[in-house]
Amino acid sequence: MIKFLLFSLSFSHVFSIVASQALPSYSGRNGEWQLLHESVGISAMHMQLLHNNKVIIFDRTDFGPSNLSLPNGICRVDSSDTMLQTDCTAHSILYDIVSNGFRPLMIQTDTWCSSGAVLPNGTLVQTGGYNDGDRNIRSFTPCSDDEYCNWIEFPQSLIQRRWYASNQVLPDGRIIIVGGRRQFNYEFYPSSWNGVIFLDFLMETNDQGLENNLYPFLHLLPDGNLFIFANTRSILLDYNQNMVLKEFPKIPGDDPRNYPSSGSSVLLPLDENDAIIEPEIMVCGGAPRDSFIQAMQGNFIRAISTCGRLKVSVPNPSWTMEDMPMARVMGDMILLPTEDVLIINGAELGTAGWELGRGPVTRPIIYRPSDDVSNWRFSVMSPSPRPRMYHSSAILLTDGRILVSGSNPHVYYNFTNVEYPTDLSMESFSPPYLSPEYDPIRPRILSADEKMGYGGKLFWLSFQVQAYLTANVLSVTIVAPSFGTHSFSMNQRMVLLKIAGVTDIAPSTYNLVVAGPSTAEIAPPGYYMLF
């Protein structure tokens with residue numbers, strides 16, 4: 001069963017979106033930035049949108065105090081912490097989208113460079129980290145405003161240490177956890193009978209002394225198998241039989257795309273209106289193979305400026321390459337409600353790692369995958385006034401904005417006498433579809449079913465729109481909220497649903513009937529945003 005966070009609806013191709021809450025006024029056709037907080041007290045290394053319209057954000061714990069105190073005199077006591085055994089500051093917050101407020105949360109052990117995924121019931125499961133936290137699982141279950149919910153920690157609950165691993169929710173609601181530093185294997189949450197499964201592919205893609213295969217890109221495909229991309233290579237894994245079914249061609253150029261040569265990746269929107277759904281992977285950015293070593297020596301090489309698209313289900317898959325307007329490493333790729341892809345944050349020179357990036361890329365770009373290849377598919381957006389370098393993150397919100405926060409390319413928080421100070425601020429980026437000029441064609445949902453079933457079961461909603469155009473430009477999409485860290489949005493996916501009918505029930509008011517996703521392989525169970 002699929003559940004929904006907060007309803008909104010958009011007409012794709014005309015860049016409009018509705019929100020269930022009041023938004024600031026935007027006017028930019030190239031998007032606009034808004035500073036939400038000068039400081040939230042921590043740097044946003046990891047972010048996850050929850051189904052109660054709040055965002056959980058956390059950093060690491062092993063650098064000393066943050067700039068936000070824990071409430072009521074609470075302190076974290078950890079004799080294994082490498083910096084501060086008694087720490088009375090927070091390293092996690094819960095941000096409220098509606099009120100723009102936040103409150104501190106307490107993490108007990110180190111979550112540095114970890115991973116996460118949301119269970120079908122809405123609980124965030126966070127896996128691994130560093131030091132005494134590398135085999136721990138932590139959970140956060142959203143609660144109502146008058147309850148005090150916080151992290152719950154389960155020590156030594158992973159079979160192997162997971163540092164720089166990636167997670168993917170599966171059709172049965174389990175989570176697969178793949179890789180990590182010196183971990184050439186995968187395991188499941190909840191743990192399965194066969195424990196840890198070795199995967200040669202992860203060892204083969206490990207560049208000695210450089211890695212370039214951490215935070216592998218995972219995408220669940222409509223046939224239920226798992227696409228895994230690491231370094232320059234990719235495979236199709238049947239995780240039920242623990243078999244590699246296929247290896248795809250290398251991405252052209254032989255330049256690595258995974259940490260520390262951090263590019264990004266998305267599974268392009270899946271369309272239930274197609275007779276046969278053909279999944280397509282997109283990978284953008286990264287850094288040349290020797291960038292890490294060169295940057296360590298003070299030579300910052302230009303990042304990769306290419307994107308590759310791969311249709312994985314065709315008989316002879318091959319990469320189609322395109323050039324971005326600028327090179328980018330450490331960028332985040334976000335699926336937008338308009339079925340486009342936003343690429344945001346990052347640098348033009350160097351690589352991921354402490355002090356190893358230069359030349360902030362402050363201008364996001366929007367890529368329109370459905371445009372004809374003969375057209376220029378990229379549009380350059382307005383720049384942010386703030387560099388977002390290593391350890392920054394970005395996620396899509398329910399009102400269509402992009403939440404952007406973090407940036408700490410230093411071992412510790414460092415605010416002075418450095419080229420790129422630690423940034424504790426929080427911004428939002430509003431893509432062009434939020435411009436007031438689209439108000440007349442921006443629908444507003446009045447009511448909707450709370451749950452959607454599989455097998456094409458019908459789903460009802462009603463909406464208002466000032467200027468109804470035609471059913472031909474109406475689209476309904478569902479988007480899985482992603483766990484964003486280190487340039488990869490885990491579990492991110494978008495499904496275009498099949499519209500069964502639109503009826504006029506009152507002036508400017510309409511009923512809409514759509515068919516739910518066909519299978520859990522198309523849309524794993526859980527909470528989704530509806531646009």
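## Salt bridges

A salt bridge is taken here as a side-chain nitrogen of Lys or Arg within 4 Å of a carboxyl oxygen of Asp or Glu. In this predicted model, the side chains of E427 and R388 form such a pair, with an N to O distance of 3.0 Å.

The whole structure has 25 salt bridges. Another of them joins the side chains of R233 and E247 at 2.6 Å, N to O. This pair connects strand β19, which holds R233, with strand β20 (residues 243–247), which holds E247, across 14 residues of sequence. R233 is buried at 15% relative accessible area, whereas E247 is partly exposed at 41%. D439 and R442 form a further salt bridge, their closest N and O atoms lying 2.2 Å apart. Here D439 is partly exposed, with a relative accessible area of 39%, and R442 is buried, with 16%.

## Domains and their interface

The protein chain is divided into domain 1 (32–434) and domain 2 (440–530). Their C-alpha centres are 26 Å apart, and the contact takes 67 residues from domain 1 and 33 residues from domain 2. About 3,800 Å² is buried between the two domains, with carbon and sulfur atoms giving 58% of that area. On the domain 1 side, P171, L270 and E272 supply 17% of the area buried against domain 2, more than any other three residues. The count of salt bridges between domain 1 and domain 2 is zero.

An unreviewed UniProt entry lists residues 442–531 as "domain: Galactose oxidase-like Early set". That span is 0% helix and 54% strand, and its end C-alpha atoms lie 11 Å apart.

In soluble globular proteins, nonpolar side chains tend to be buried together. The largest nonpolar core in this model has 66 residues, and those with the most contacts inside it are I56, F140, W151, Y164, F227, L497 and L530. Among the elements that give two or more residues to this core are β4 (54–58), β18 (226–230), β37 (458–464) and β44 (526–530). Because domain 1 (32–434) and domain 2 (440–530) both give residues to the core, it lies between them.

Leaving aside residues up to four places away in sequence, Y164 touches W112, C113, G180, R181, L214, Y215, P216, Y259, Y390 and H486. A second, separate core has 55 residues, including V55, I57, C307 and M333.

Beyond residues up to four places away in sequence, S305 touches E322, D323, M324, M326 and A327. With the same exclusion of residues up to four places away, T232 touches K250, I251, D254, D255, P256 and R289.

Technical notes. Residues are numbered from 1 along each chain as its sequence is written. This is a predicted model: local features need pLDDT of at least 70, side-chain atom pairs count only at pLDDT 80 or more; totals for chains, interfaces and linings use all residues. Side-chain values use heavy atoms; hydrogens and water are left out. A nonpolar core is a set of buried Ala, Val, Leu, Ile, Met, Phe, Trp, Tyr and Cys residues joined through side-chain atoms within 4.5 Å. Buried means under 20% relative accessible area, exposed over 50%, partly exposed in between (1.4 Å probe, protein chains only). Helices (H or I, at least four residues) and strands (E, at least two) are DSSP runs, numbered from the N terminus. Domain bounds come from an automatic or database domain assignment. Contact means heavy atoms within 4.5 Å. UniProt positions are given in the numbering used here, feature names are shortened, and annotations may be inferred rather than shown by experiment. Buried area is the accessible area (1.4 Å probe) that two parts lose on being put together, summed over both.
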